[in-house]
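Please consult the sequence and structure below while reading.

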Amino acid sequence: MKKIALLSSTAVILAGLSVPAFAQSEIATGANAAGISAVDDRISDIEDDVQDDFDRSSDADRFGPASRRQGLSGSMSLAYSGRTGNVENQDLTLAGRVSYNTDPINQTLGISIEYGEDDDGNKDTEETNVIYDAQYYFNDSLYAFALGRFTVDGLVDGYDNSDDSVRDTDEDEDLRLDGFLGFGPGYRIVNNDLTAWRVQAGVGVRYTQTGAQHMTDDSETEVGYILSSRFYRKLNENVFLTNDTDFLSSDVNDVITNEFGVNVRMSDSLSTRISYLTEYQSDRAVRTDNTLGLAVVYGF
């Protein structure tokens, strides 16, 4: 069984779906045929990855729900492409999010659907994801949270994707169904302009079905417990520190992650983020992985 991966915070669970930016198809006449547009798209992807590093440290829930848009809001995106000629395939993606925020409760429901075919016209992607996120605020410090996630991979059925009569044992350990529902309390220990620190703890139930279990109509239910901490400290107008910690204990393994970040605005045009991520998993031969990250944004 693959390691359990319970979503540990509002920031994490909402990261799974995002609204795409709309851009022109080519940056100059002839750019598509010359390959310039493809390179320009890759530049945008790199810029987005760097911006994501900064956005992660922003933590929309750092000071509570006051900054959230009230009422009903949402977005939906659809993309389709079908190809003929040297290859015969098609791809379809649909993603959307609906939020309803009104004191004292905030709720978000998101969905993504992906379908794709390889160059031979056989399905290589058939996946649906649904997420749910909610917080109920009893006062400025105490709140309750609920997190839900459900994933269906339609290609994991125990058979070869190109021939439904051929058994595929490589899918035996792959997950066809993966669902999680968790809830618990959270508390803001410190909440002012210079320092924000909140902790939350919860219990979750995970439902899974592998390719082999699908063949026998079997499944597995596991219980996990999670403790999370989100810390922010502003040193001055241009520098702030963050430290995000998650501890997960489950029937499968224990997982601990800690990310320390330093964010510096050197000028109106230049910003830098340095991060150090440590991930521990009890069931690995080498239990600890460390990652040093550097993100820089310069505009002029």
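The points below cover the source of the values, a surface patch, a core and aromatic pairs.

The model is predicted: local features need pLDDT of at least 70, side-chain atom pairs count only at pLDDT 80 or more, and totals for chains, interfaces and linings use all residues. Residues are numbered from 1 along each chain as its sequence is written, and side-chain values use heavy atoms, without hydrogens and water.

**Surface**
- Tyr 136, Phe 138, Leu 142, Tyr 187, Ile 189, Trp 197 and Phe 231 make a nonpolar surface patch of about 640 Å² (residues with over 30% relative accessible area and no salt bridge, nonpolar side chains joined within 5 Å; a salt bridge is a side-chain nitrogen of Lys or Arg within 4 Å of a carboxyl oxygen of Asp or Glu; areas are from the Shrake-Rupley method with a 1.4 Å probe).
- Phe 138 is found in the loop between β4 (123-137) and β5 (142-153); strands are DSSP runs (E, at least two residues) numbered from the N terminus.
- Phe 138 counts as exposed, at 51% relative accessibility (buried is under 20%, exposed over 50%, partly exposed in between).

**Core**
- The largest nonpolar core has 5 residues, Tyr 137, Tyr 143, Phe 145, Leu 147 and Phe 180 (buried Ala, Val, Leu, Ile, Met, Phe, Trp, Tyr and Cys residues joined through side-chain atoms within 4.5 Å).
- The largest share of this core, 3 residues, comes from β5.

**Aromatic pairs**
- The structure holds 4 aromatic pairs (ring centres within 6.5 Å; planes under 30 degrees apart are stacked, over 60 edge-to-face, the rest tilted).
- The rings of Tyr 137 and Tyr 143 form a tilted pair, with centres 5.4 Å apart and planes at 35°.
- The rings of Trp 197 and Phe 231 form an edge-to-face pair, with centres 6.5 Å apart and planes at 75°.

Note on methods
Patches are made of residues with over 30% relative accessible area and no salt bridge: like charges are joined within 9 Å, nonpolar side chains (Val, Leu, Ile, Met, Phe, Trp, Tyr) within 5 Å. Helices (H or I, at least four residues) and strands (E, at least two) are DSSP runs, numbered from the N terminus. Buried means under 20% relative accessible area, exposed over 50%, partly exposed in between (1.4 Å probe, protein chains only). Rings of Phe, Tyr and Trp (its six-membered ring) pair if their centres lie within 6.5 Å; planes under 30 degrees apart count as stacked, over 60 as edge-to-face and the rest as tilted.
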